[in-house]
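Visitor: I've got a model to look at and a few things I'd like to ask. Could you walk me through it?

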Amino acid sequence: MKIKSLTLRIFINTMLVGVAVYFACAVIFIDSFYKYFENRIFSELENECDYLSLLTTFEGIKTDNRITVIDFHGKVIFDNKANPAEMENHASRSEFIEAMEKGSSKVSRYSSTMLQKNLYFAKRLENGTVLRVSCQQYTAGLLMFGLSQELLCLLVIALIISGLAAAALSKKITTSIEKIDFENPETNEIFSEFKPFIKRISDENFEKKEREEIRRQFSANVSHELKTPLTSISGFAEIMKSGSVDEKTMLSFSEDIYNEAQRLILLVNDILKLSKLDEESITMEKEEICIEETCAETIKSLESYAKKKNVSLELENKTKEVSYIHGVPTVIQEMIFNLIENAIKYNKENGSVIVKIEKITLERDYMRLCVKDTGIGIAENQQERIFERFYRVDKSRSKDRQSNRTTGTGLGLSIVKHGAKYHNAKVSVKSKIGEGSEFSLMFPI
Ligand SMILES: Nc1ncnc2c1ncn2[C@@H]1O[C@H](COP(=O)(O)OP(=O)(O)O)[C@@H](O)[C@H]1O
Ligand SMILES: [Mg+2]
């Protein structure tokens, strides 16, 4: 990760802005300053020209400006600063040409050194000659150079101010970040730009806490659930150890021990499956799975159980093609097994189970697997809870007497829910107490 300093970043940016504003101001200021003075000089030259044009002779006149008189051929006939005889013909000078044409002209020209400018005001007199008054002015560049010390001073001040502003701003930002209370995001007084960031962090915190709480509860439940069969096993064994039981009781006790041990195995297996699904770092190999085939196999393996309970099983494939989904085979098998097993287990005498596969299109295409039974049903207020770990509606039924099958662990539907999440599938349940239930899984394809 590249570490960046916020203070430095803000400092550089404010400084760049400061310097840019400074230069823009300096250029605009000097430019308008310069133009203003040029105009002033021109109007002074014009005044002087007007005044001079009233005189009959310029000999002995006292002025800092240069006065030149040019006849209409361009020949210089008078100049107060040079010998007119040595001066070249001025016919091609722009101020002369313009004055001849329009009566007067204002012209500025750089001198040969480029450091100074000559400003000319020329006027055609009634006798046909042109009177030209001129003076020199520093160029804008030179003016800037002359002011360089002051400008430099201002630049330093601008830099100091932007430095201070940057430091204050970044301090304000960092302290406001330090003060953020992620536990109680509503109480924060912060810049509105931080709101989404804080919301994300506090959401993450909340989810993390929730996950931790579920884990903590799960560990507590696991210990409890494992302890119950172990306590029974230990109790039966203790009585048998004392040698005071007859053969018949002994046999019955051994069967109980066997059943409890079976239950322990079931529990441990389910816990392992759930932990594996929970482990985010583990990625299981996904492949194309034919849902119809998996259902058919599962139904076959549960056939004898269904027969004992007098429940009929039926598989219906409504898709016209082969029903493939992309998933982890063992997890998908486990999910389907749990749903069909429940549909048989919580059914009534002479009930039925229909497993239906169909392709549906909502906002996208789904493979829908639906397990419908005519069983005892689930009350509305229990329908969400049955997906919780270890949750069972009727906790007293520790053994299914009819089939002599140890009843479940309360983890089956948790495995279904987590398996669905792993496959981005949706689980839903529709049920009416006494009439039956319908569980459906929708796998995106
Ligand atoms: N098809 C169903 N009909 C009625 N109740 C059901 C059905 N499936 C699940 N349940 C209820 O949901 C509870 C949780 O199911 P599950 O997680 O599979 O645990 P288990 O089957 O091990 O008891 C069951 O104990 C049962 O009360
Ligand atoms: Mg079950």
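Predicted model: local features only at pLDDT ≥ 70, side-chain atom pairs only at ≥ 80, totals over all residues.

Visitor: How many of the eleven residues of H9 are buried?
Guide: Buried means under 20% relative accessible area. Gly412, Leu413, Ser414 and Ile415 qualify, and so do Val416, His418, Gly419, Ala420 and Tyr422. H9 is largely enclosed by the rest of the structure, because the buried count is nine.

Visitor: What fraction of ligand 1 does the protein bury, and which polar contacts go with it?
Guide: An oxygen atom of ligand 1 is 3.1 Å from an N or O atom in the side chain of Lys345, and another contact puts a backbone N or O atom of Gly412 at 3.3 Å from a ligand oxygen. On the nitrogen side, a polar side-chain atom of Ser437 lies 3.4 Å from a nitrogen atom of ligand 1. Taken alone, ligand 1 exposes 530 Å², and the protein buries 97% of that.

Visitor: Which element gives the most residues to the shell around ligand 1?
Guide: With three residues, the top contributor is H8.

Visitor: Which residues come nearest to ligand 1, and what is the make-up of its shell by class?
Guide: There are 20 residues around ligand 1, and Tyr346, Arg392, Thr409, Gly410 and Leu413 come nearest. By class, the shell has ten nonpolar, seven polar and three charged residues.

Visitor: Which element gives the largest share of the largest nonpolar core?
Guide: That core has 47 residues, and Ile291 and Phe443 touch the most other members. Elements giving two or more residues to this core include helix H5 (195-241), helix H6 (247-278), strand S9 (352-361) and strand S10 (365-373). The largest share, eight residues, comes from H8.

Visitor: Is Thr298 buried or exposed, and which backbone oxygen does its side chain reach?
Guide: Thr298 sits in helix H7 and counts as buried because its relative accessibility is 8%. Leaving aside neighbours within four places in sequence, Thr298 is in contact with Ile336, Phe337 and Ile340. At 2.7 Å, the side chain of Thr298 reaches the backbone oxygen of Thr294.

Visitor: Is Ser170 buried or exposed?
Guide: Ser170 is in helix H4, residues 148-178. Not counting residues up to four places away in sequence, Ser170 touches Leu6, Thr7 and Ile10. Its relative accessibility is 2%, so Ser170 counts as buried.

Visitor: How far apart in space are Ser428 and Asp71?
Guide: Ser428 is in strand S13, residues 426-432, and at 37% relative accessibility it counts as partly exposed. Beyond four places in sequence, Ser428 touches Glu438, Phe439 and Ser440. Asp71 is 357 residues away from Ser428 in sequence, and the C-alpha to C-alpha distance is 109 Å.

Definitions and conventions:
Residues numbered from 1 in each chain as written. Chains lettered and ligands numbered in written order. Heavy atoms only, no water. Near = heavy atom within 4 Å. Polar contact = N/O pair within 3.5 Å; in protein donor to acceptor, adjacent residues only side chain to side chain. Areas by Shrake-Rupley, 256 points an atom, 1.4 Å probe, with all protein chains shown as cover. Helix = DSSP H or I, 4+ residues; strand = E, 2+ residues; numbered from the N terminus. Nonpolar A, V, L, I, M, F, W, Y, C, P; charged D, E, K, R; others polar. Buried < 20%, exposed > 50% of the residue type's maximum accessible area, 1.4 Å probe, protein only. Contact = heavy atoms within 4.5 Å. Core = buried A, V, L, I, M, F, W, Y, C linked by side-chain atoms within 4.5 Å.
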